[in-house]
Amino acid sequence: MQNLLVSALALSAAADAYGAGAAGWDAAYSKAQAALLKLNQTEKVGIATGVGWEGGPCVGNTYAPSSIDYPSLCLQDSPLGIRYANPVTAFPAGINAGATWDRSLLYARGAAMGQEAKGLGVHVQLGPSAGPLGKNPDGGRNWEGFSVDPYLAGVGMEETIQGMQDSGVQACAKHWLGNEQEHNRETMSSNIGDRATHELYLWPFMNAVKANVASVMCSYNKLNGTWACESDAVLNDLLKDELGFPGYVMSDWNAQHTGVNSALAGLDMTMPGSDFNKPPGSIFWGPNLVEAVTNGSVPQSRLDDMATRILASWYLLGQDQGYPEVTFSSWNGGKATVDVTADHASVVRTVARDSIVLLKNQEHALPLRKPKSLAIIGQDAIVNPDGPNACVDRGCNTGTLAMGWGSGTAEFPYLIAPLDAIKVQAQKDGTKIVESTTDSTTAAASAAAAADTAVVFINADAGEGYLTVEGNAGDRNNLDPWHNGNELVKSVAAANKNVIVVVHSVGPIILETILAQPSVKAIVWAGLPGQESGNALVDVMYGTTSPSGKLPYTIAKQPSDYGAGWNSALVDNFVEDLFIDYRHFDKNGIAPRYEFGYGLSYTTFNYSGLAVSVSATAGPSNGPIVPGGAEELFQSVGTISVIVENTGEVAGAEVAQLYLGLPDSVLSTPPKQLRGFQKLNLQPGEQGTATFELTRRDLSYWDVQTQKWVVPSGTFTVYVGASSRDIHGEGKFTVA
Ligand SMILES: *[C@@H]1O[C@H](CO)[C@@H](O)[C@H](O)[C@H]1NC(C)=O
Ligand SMILES: *[C@@H]1O[C@H](CO)[C@@H](O)[C@H](O)[C@H]1NC(C)=O
Ligand SMILES: *[C@@H]1O[C@H](CO)[C@@H](O)[C@H](O)[C@H]1NC(C)=O
Ligand SMILES: *[C@@H]1O[C@H](CO)[C@@H](O)[C@H](O)[C@H]1NC(C)=O
């Protein structure tokens, strides 16, 4: 861990080369404009046009010009590692990185992924994701992002992008905008109100643009009836004008629908370059874009702008300075000529460990202390007998679940399953292991009866809609554990009085049946931990490290409590408005089973000394547009702090959380919203101070009339605590 942070710090010093934001972009734009003068029309179009699916080694490739020293750009998935290449590291999914609530780990994971991308010659890594945000708890790709809360997702975007780009790869913030489900994603319209657009779905992309993300991927869906990749309102107005995004917009793969309109709407790069609706070989851009400029339907300045944005992003990252060649091909097994994995397994293990959320722990069931015998139950305890990569793009749920399915995946170099790691520990402890590694309830019951303690593994999977797994077309059909997980737990709980349930899941599952079993003493939520799954689990289950993950979403008592879910209509009117996840539960007085931000530790924490020092002027935030939005939005308005003490017997980490309630004058607003958090590592008896730095943006709502972020006048309520409901300190401040 020490080394990790040291190298992260060294990298962040290097970031200043371009991290100064506008200054870095200015220099990059100067170089891009000089290069542009040397390009002919075909070449300008070529750097904006993909060569077609499987036309180059990467999932996306552009045409290389000859007039300047600029490559065929290599664009490669995914948000959790480099897809279709090996060896690479299979990192924990975004949702686990979010569940750490740890800025330094988010950064370290991004930096390690970026190093692998660069080492392999990937110019643009297609991540991180904040769309879907996750308003639908059953949404198929929610796990690729960090959290359903825009503030936490925003921090996840910012830290990950900084880490990736400090390592030299261009990050790609995706999917812009409003792509909240897999069903009909290519035909449906997301009709989102202006306030919810800004305060929920756009928010994390502000962080991404502020972090100087090089590229943004527009999504498949329509917004208000217009395709995202053809929408002037979404690309030109929101992203480029309002957020001041200086980089380039690429289409999601085949999300472009017209040549001229997409160019005019602000699309800068078409991927993978072909038009799938027409006969093979037809394309929207390429020669057609040259012609569209010649016949005047696309201005020359628009084409020049596309090329300049793409070139500037390449210069911003210093990719003109001896960037490695592409060392693998996605289409022949992906074997790379270099090994880029370095010591990244330690980043994986740390993130996986610190993302584990302990949901329940009765009678000190955990940590385990050299148990005499342990039954390990469920197919989720072992690696798929056919290998961890047996199904293309992880499109099956066999064996332990460590990532979801779809394009947001990578090949496992290896996968340490829970049973593998527990066996190593059991050997040291002299613990007898009894195994039942199928999901058979009868075998489970007999194994459970033969041991002091039973650990039962269940899971729930989801992914991208081009693959259907066990009847789930991307989005989940329900919020139950798969493979009859409830029955599996019930049979174990009937045979053993001391049951620990471990959940590997893409998102919330309903736990009521499991909680109704008196023998279930502990529930461990391990999410999608990546290649070090078992080792991270052992670190926590045996108490080498106290659990410190916190839920990045709410776990409800029943699915209908969320008031949201994917649907089969071709229009989603986003009737949830601002009230998704905990905002909805709070507004409607619904008791969650486990609230947003919740997670237990092996130690206890005491909160004291809440200090509020905030001073802001009411009104809109103005000023020049910088990457991220109007400059004044990012002005400091003070801090809120709280003292946290470890009052227990063992070391642990606590995530202190700040929620703000806006003055009552702002109608129809969530009762409280996350606006700060800090994770503190504390020894027994040690005190630490969590300090939440606030900017004008954190106090603002989106004013639809004036089209500005506005700090309202009146009294704000401050809630500081261990979750969105476990509040340990309340305060107020007033803005005039
Ligand atoms: C533009 O440059 C390319 C070389 O990159 C060349 O093949 C092509 O003929 C040129 N096109 C025009 C119209 O001059
Ligand atoms: C979509 O329509 C709603 C309702 O008129 C509006 O508030 C919102 O700003 C529109 N979004 C876009 C991207 O135009
Ligand atoms: C210009 O060229 C483009 C690309 O071929 C074509 O789609 C468009 O209809 C043309 N417009 C005019 C006015 O000729
Ligand atoms: C928590 O801290 C406060 C303030 O220092 C103190 O009054 C209280 O007794 C502490 N509670 C525990 C359980 O240590």
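Which residues are around ligand 4?

Modeller: This is a predicted model, and the description below should be read as such. The residues around ligand 4 are Asn606, Ser608 and Thr647. Asn606 places a polar side-chain atom 2.3 Å from an oxygen atom of ligand 4. Taken alone, ligand 4 exposes 360 Å², of which the protein buries 28%.

Lys135 counts as buried because its relative accessibility is 3%, and buried means under 20%. The side chain of Lys135 makes a polar contact with the side chain of Asp572, at 2.8 Å.

Burial also describes helix H13, which spans residues 344–354. Eight of its 11 residues are buried, so H13 is largely enclosed by the rest of the structure. The buried residues of H13 are His344, Val347, Val348, Thr350, Val351, Ala352, Arg353 and Asp354.

The remaining point concerns a pair of helices. Two packed helices are described by the angle between their axes and the distance between the axes. For helix H15 (residues 441–449) and helix H16 (residues 485–495), the axes come within 8 Å and cross at roughly 30°. Angles under 35 degrees count as roughly parallel, and the crossing angle therefore makes H15 roughly parallel to H16. The crossing of H15 and H16 is right-handed.

Terms used
Residues numbered from 1 in each chain as written. Chains lettered and ligands numbered in written order. Predicted model: local features only at pLDDT ≥ 70, side-chain atom pairs only at ≥ 80, totals over all residues. Heavy atoms only, no water. Near = heavy atom within 4 Å. Polar contact = N/O pair within 3.5 Å; in protein donor to acceptor, adjacent residues only side chain to side chain. Areas by Shrake-Rupley, 256 points an atom, 1.4 Å probe, with all protein chains shown as cover. Buried < 20%, exposed > 50% of the residue type's maximum accessible area, 1.4 Å probe, protein only. Helix = DSSP H or I, 4+ residues; strand = E, 2+ residues; numbered from the N terminus. Axes fitted to C-alpha atoms, helices over the stretch in contact; angles between N-to-C directions. Parallel < 35°, antiparallel > 145°, perpendicular 65-115°, else oblique. Left-handed = near helix turned anticlockwise from the far one by under 90°.
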